Amino acid sequence: MTSIMSIAVWNTIRLHSSECHLTDFSCSAGSFSAITPGCCDHRAIPADEELHRHHTENLARADALLFGRVMHQMMEAAWRPTAPTGSRPDWMEPFAQTVNAAKKYVVSSALERVDWNAELVRGDLGKAVEQLKREPGKGLFVSGVTFPLALAELGLIDEYEFGVHPRMAGHGPTLFAGLSKCVDLKLVSRLEFASGAVVMRYEPRR
């Protein structure tokens, strides 16, 4: 069964079907986010080794990453190039290697081609994602802000992981802004980090 998981500031969303799950990864892992109520800015918090390790472990649980065009291009620009010596800490490298090696699906009608171990997904979003979920595997991770919203509207997300950092950014996009109806969630787990960040994992109440 494949599920979908999302992380935005960081907010993780996981999506299940009879075959697999999809995880929505809604802000750039590795450039961790700060929030005000409902808002995020992945640039507002310094990189943290413990959080990088958490995200690397999350990505390792997935069969593939599912991106929209904007998130794919942002992640590729940040993590595909070989970093000059000394430009980032050694503890970032496991995350970079995991992202680079991961299979990726990119949902876009604007792009004509993709590489970076990626495959374009076109056509009806719901049908395309349902097809991916029917494939055997551990799960898929989704990233972005507007893309996870579209998946939530379609009821395709099976697990949400919300990370709250001890900093108010005062700006940034609002998570799930425009959601047409409430989604009730059930707490599955809670994890605290030395930085004061807290990760809460939820499943939608069906």
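These legends accompany a set of close-up views of a predicted model.

**Figure 1. The whole chain, before we zoom in.** The protein chain carries five helices and ten strands. Of its 206 residues, 51% count as buried.

Figure 2. Lys 133 belongs to helix H4 (residues 125-134), while Asp 158 sits in the loop between helix H5 (146-153) and strand E8 (159-164), so the contact ties together parts that are 25 residues apart in sequence. Lys 133 counts as buried at 2% relative accessibility, and Asp 158 counts as buried at 6%.

**Figure 3. Glu 159 and Arg 201, a bridge between two strands.** The closest N and O atoms of this salt bridge are 3.1 Å apart. Glu 159 is in strand E8 and Arg 201 in strand E10 (residues 198-204), which makes this a link between distant parts of the chain, 42 residues apart. Both Glu 159 and Arg 201 are buried.

Figure 4. A search of the whole structure finds nine salt bridges. In the one shown here, between Arg 88 and Glu 93, the closest N and O atoms are 2.8 Å apart. How does the cover of the two partners compare? Arg 88 is buried, with a relative accessible area of 16%, whereas Glu 93 is partly exposed, at 25%.

**Figure 5. The largest nonpolar core.** This core has 21 residues, and those with the most contacts inside it are Leu 66, Tyr 105, Leu 151, Tyr 160 and Phe 176. Strand E4 (64-68), H4, strand E7 (140-143), H5 and E10 each supply at least two of its residues. Helix H5 gives the largest share, four residues. A second, separate core of 14 residues includes Leu 59, Ala 62, Leu 65 and Phe 67.

**Figure 6. Trp 79 and its aromatic partner.** The structure holds four aromatic pairs. One of them joins Trp 79 and Phe 95 edge-to-face, at 4.8 Å centre to centre and with 65° between the planes. Trp 79 lies in helix H2 and Phe 95 in helix H3 (residues 93-101), so to speak of this pair is to speak of parts of the chain that are 16 residues apart. Phe 95 counts as buried at 0% relative accessibility, and Trp 79 is buried too, at 5%.

**Figure 7. A cluster of rings around Tyr 160.** Ring pairs link Tyr 160, Phe 162, Phe 176 and Tyr 202 into a cluster. Tyr 160 is buried, with a relative accessible area of 5%.

**Figure 8. Two lysines over aromatic rings.** The charged end of Lys 103 sits over the ring of Tyr 105, 5.2 Å from its centre. Lys 104 lies over the face of Trp 116, at 4.0 Å from the ring centre.

Note on methods
Residues are numbered from 1 along each chain as its sequence is written. This is a predicted model: local features need pLDDT of at least 70, side-chain atom pairs count only at pLDDT 80 or more; totals for chains, interfaces and linings use all residues. Side-chain values use heavy atoms; hydrogens and water are left out. Buried means under 20% relative accessible area, exposed over 50%, partly exposed in between (1.4 Å probe, protein chains only). A salt bridge is a side-chain nitrogen of Lys or Arg within 4 Å of a carboxyl oxygen of Asp or Glu. A nonpolar core is a set of buried Ala, Val, Leu, Ile, Met, Phe, Trp, Tyr and Cys residues joined through side-chain atoms within 4.5 Å. Rings of Phe, Tyr and Trp (its six-membered ring) pair if their centres lie within 6.5 Å; planes under 30 degrees apart count as stacked, over 60 as edge-to-face and the rest as tilted. A charge sits over a ring if NZ of Lys or CZ of Arg is within 6 Å of the ring centre and within 35 degrees of the ring normal.
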